[in-house]
Amino acid sequence: MHYLKQAAKSVEGSSKEARAVVEQMLEEIRSGREDAVRALARKFDNWDQEFILSDAKRQKLIASVPESVKRDLEFAHKQVAGFAKAQRDSLKEFETEVTPGVILGQRVIPMDVAGCYVPGGRFAHACSGIMSVATAKAAGVPFIVAATPPRGDHIDPATCYAMHIAGADIILEMGGVQAIATMAYGLYTGKPANILVGPGNAYVAEAKALLSGSGLCGIDVFAGPTESAVIADETADPMTVAIDLVSQAEHGYNSPVWLFTVSEELGKKVLELIPRLCEDMPNPDVPLTAWNDYGEIICSANREELARTCDAYAPEHVQVIAKDLDWWRDRLRSFGSLFLGEGSTVPHGDKCSGTNHILPTKKAGYYSGGLNVHKFLKICTYQNISKQANEVIGGAASRLSRVEGMEGHARACDWRLRKFYPGRKWDFQVYEHPKF
């Protein structure tokens, strides 16, 4: 493989500076609780109102949303909730009897409380409200807290409507680290979250990671800057490829976009088109900076090498505009979400196609998919072993315990064998580890 364009910078891991700031804020909230949250909200959002959105204010915000916008958000909700329900239906509770008398089972238990963060900043992320809240709802989570930063004296009305139709029980007009900590600790609501989900800036991502690392709650994925890759061959339209890459570079100055191709001719055309398309954007500086600093075009000799390259990057989004889409669908293994064919573009998934847009970045696609119903579910096992089955299970467990040097474990098994089979002789010899 070789580069037609290589990134000038690399997106590094968590900033030490950001982590230090977040650690200090979390410590303030741990000790100061609600008072500390209120102080931080005043400092960062100039907010001195109630945090929990009242029913009256919720209805007022909803009433301000145009009907056409409501219809589009309702369509997005239908798609996302429908797909999430299908995901939920794919996971079943069951019992099995592998050995007679040994009943093994699986339960699927929803989290008690989900905390869903919906970012603000440069964009209104109404669809993010649907992605997180509707998915938690489909999983059967009985109580959902959603938080989004205020803009002036209220949160974004369209985002409010999105969270409302998705099923948020409580909406917090609150952003940043203080919102993440509030949901984790159950401040103002009395409902600590089992899991925190949703994208956000570097400080929000650090807060989620630190709170998860402390054992307080789980998180969906560690989210970094948005990443997008296009896999294209000689059949792809260079303009389509270039437009799609620019559409994702719009996310931020540090949002990487990558083209992996077997066609050097296509790569050169895309390289020529992207700066012109960036200049035509309303805010050209953002996509152009992202492209200049982090954009790459990589040419490979064949599609197998291209697939290996893509898997090595493990992009958040992967579009495939090439022949034999089934081959790519079955071959690629490390990515957040896959968009097959020219008819599929990342904004479809970002907004309303139905798959979730909260996805792994920073190569987390090696070991995790994106947000889905299963993230809100605990897959718990159980067993019910009869007295008769102890003859097999108990004997094996006793011997294996001694192989591992765990005499207490062995004796718990031995006791049952003696109790259930009185008068029977058992060989409870200590296992002698072989010497070499």
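**Aromatic pairs and a helix contact**

Trp 328 is buried, with a relative accessible area of 3%. The model is a predicted one, and five aromatic pairs were counted in it. In one of them, Trp 328 is paired with Trp 327 in an edge-to-face arrangement. The ring centres of Trp 327 and Trp 328 lie 4.8 Å from each other, and the angle between the planes is 90 degrees.

For Tyr 421 and Trp 426, the ring centres are 5.9 Å apart and the planes stand at 70 degrees. Because plane angles over 60 degrees count as edge-to-face, the pair of Tyr 421 and Trp 426 is assigned to that class. Tyr 421 has a relative accessible area of 18% and is therefore buried, the limit being under 20%. Trp 426, at 23%, is partly exposed. Elsewhere, Trp 258, Phe 260 and Tyr 313 are joined into a cluster by ring pairs.

A helix contact was also examined. Helix α6 spans residues 176-185 and helix α7 spans residues 202-213. The two helices pack at an angle of about 25 degrees, and their axes are 8 Å apart. Since angles under 35 degrees count as roughly parallel, α6 and α7 are placed in that category. The crossing of α6 and α7 is right-handed. On the α6 side, the contact is made by Gly 176, Val 177, Ile 180, Ala 181, Ala 184 and Tyr 185. These residues meet Tyr 203, Val 204, Ala 207, Lys 208 and Leu 211 of α7. By class, the contact of α6 with α7 comprises nine nonpolar residues, one polar residue and one charged residue.

Definitions and conventions: Residues are numbered from 1 along each chain as its sequence is written. This is a predicted model: local features need pLDDT of at least 70, side-chain atom pairs count only at pLDDT 80 or more; totals for chains, interfaces and linings use all residues. Side-chain values use heavy atoms; hydrogens and water are left out. Axes are lines fitted to C-alpha atoms, for helices over the stretch in contact, and angles run from 0 to 180 degrees between N-to-C directions. Helices (H or I, at least four residues) and strands (E, at least two) are DSSP runs, numbered from the N terminus. Angles under 35 degrees count as roughly parallel, over 145 as roughly antiparallel, 65 to 115 as roughly perpendicular and the rest as oblique. A crossing is left-handed if the near helix is turned anticlockwise from the far one by less than a right angle, and right-handed if clockwise. Contact means heavy atoms within 4.5 Å. Ala, Val, Leu, Ile, Met, Phe, Trp, Tyr, Cys and Pro count as nonpolar, Asp, Glu, Lys and Arg as charged, and the others, Gly among them, as polar. Rings of Phe, Tyr and Trp (its six-membered ring) pair if their centres lie within 6.5 Å; planes under 30 degrees apart count as stacked, over 60 as edge-to-face and the rest as tilted. Buried means under 20% relative accessible area, exposed over 50%, partly exposed in between (1.4 Å probe, protein chains only).
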